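Please keep the model open while reading this note. The points below go from single residues to the whole chain.

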Amino acid sequence: TQPNPSHELAFRRFSSDQVVAYHEVQVAALRARSDAPLIHNYMGRVLDFDHFEVGSSIDIASWDSYPIGFLSDRLEGTAEHKARYLQQGDPDMQAFHHDLYRAVGKDGRWWVMEQQPGPVNWAPHNPAPLPGMVRLWSWEAFAHGAEVVSYFRWRQAPFAQEQMHAGLKRPDNAPAPGLAEAAQVGREIAEMPEIALQQAPVALVFDYPSEWAWATLPQGDGFSYFRLMLDAYRALRRCGFSIDIVPSTATDLSGYALVLAPGLAAMPEALQHALKQTVALVGPRSNAVTEELRIPTPMGPDLPGLDVTATRVESLPPHVLRPVMGGGAVQHWVEDLDGSADTLFETEAGQPVLKAAGRMHYLGAWPDEALWERIVRGLAKKAGLPTQTLPEGLRLRDTATHRFAFNYAPESVELQGKIIPSAGVGWWVISDS
């Protein structure tokens, strides 16, 4: 039916190690000949190798940001969601990768190596960005700490397989629409006081081996570690939070008021203890297997100070939702939870969904959007963090000096008395707000 899953996971780990080893050969050759900072360029939702390990030997991480292309060809979503954001891209996909690659880069150094400036050629469908989106995408990257936003490409090539891929200039060398927006961002940067980053109040733990584990043994059609992580990230962003992404090797989380670690297949002991420093949410499907993809004894999640055991799991087809008392539902993945920890949420049928002891919480199911939001707001309250109710499609990003608002919606929205048009960007100086 399939290879031995432990063997398959070992091959995925070996393949990642080979990427890292080859990368380090190149790094050694370059370091011997140059003092220039070294950069490695990554992609969106490409998880086949451990980017944290690649990033450990170089100076800067970068990635290729194609919001409209990615919405079309590598993101799940309803037809309504994809129609609403057809010419803007998903409101959270770019920010997630900005935060991920800020964590991969040394001392938080990262770039956008390729920013979409117009229609691309490689997605199933290739609509043009709404007027203002090139400016919005550029500012969103800078608000998340990018040192550079570079556009692909300068001039649209009039030949070869990407001749329909737009640039800042047309094939006849006349300006394309994205050029004026890029120039506008340049003028605005020159006029704006310097943006200083700060640690976010919330962290999300990201782990490439967990992607490999659940891709090897999904136990349900379409189970995706990345999708689960993005759902958690979306819920935090809908409540107005700025987020740091941290690796599973983190040993000190004391600076964060709230940390989420969904889907973390095998949880390092050091991380388990670090999570005790904060309000933490673990699960679903966390600490459920060993590093060799075997069910451990005792069974997971086996967290210190939290008496919870996931005794049985179910995977549900997409049309099945199980309502939760008080609002929202669970979907796709559901665990039977035993143990003396307090039950905070349960289904209408009485099945525990969220259990807790002190500041440690275990989530035994995959929430829908409404339930994710309830859970995040409850955790934030326990952590002493204020939440916001944002208009649909609006996202915030706080730095030490500015608050930025990015409107992905196809209509104007209002925030703090300021009208932010569709595909618009607003900002406030923190000391004045």
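1. Arginine 153 sits in the loop between strand 4 (149-151) and helix 7 (177-191). Helices (H or I, at least four residues) and strands (E, at least two) are DSSP runs, numbered from the N terminus. The peptide bond joining phenylalanine 152 to arginine 153 is cis, with omega about 20°.

2. A word on the source. This is a predicted model, in which local features need pLDDT of at least 70 and side-chain atom pairs count only at pLDDT 80 or more, while totals for chains, interfaces and linings use all residues. Residues are numbered from 1 along each chain as its sequence is written, and side-chain values use heavy atoms, with hydrogens and water left out.

3. Another cis peptide bond runs from threonine 297 to proline 298, with omega near 0°. Proline 298 lies in the loop between strand 8 (279-282) and strand 9 (301-303). Most peptide bonds are trans, and most residues other than glycine have a negative phi.

4. Leucine 293 is also placed in the loop between strand 8 and strand 9. Its phi is positive, about 60°, although leucine 293 is not a glycine. Is leucine 293 buried or exposed? Leucine 293 counts as buried because its relative accessibility is 6%; buried means under 20% relative accessible area, exposed over 50%, and partly exposed in between (1.4 Å probe, protein chains only).

5. Glutamine 416 has a positive phi too, near 50°, and is a residue other than glycine. The loop that holds glutamine 416 is between strand 19 (413-415) and strand 20 (418-420). With a relative accessible area of 44%, glutamine 416 is partly exposed.

6. Alanine 32 belongs to the loop between helix 1 (5-31) and strand 1 (39-42). Its relative accessible area is 62%, so alanine 32 is exposed. From C-alpha to C-alpha, alanine 32 and alanine 128 are 44 Å apart in space, and 96 residues separate them in sequence.

7. Contact here means heavy atoms within 4.5 Å. Of the contacts in the protein with a separation of 6 or more, 63% are between residues 24 or more positions apart.

8. Finally, the whole protein. It has eleven helices and 21 strands, and 53% of its 433 residues are buried. The C-alpha trace spans about 70 × 55 × 40 Å along its principal axes. The radius of gyration is 22 Å, which agrees with the value near 22 Å for a compact globule of 433 residues; the radius is taken over C-alpha atoms, and the globule rule is 2.2 Å times the number of residues to the power 0.38.
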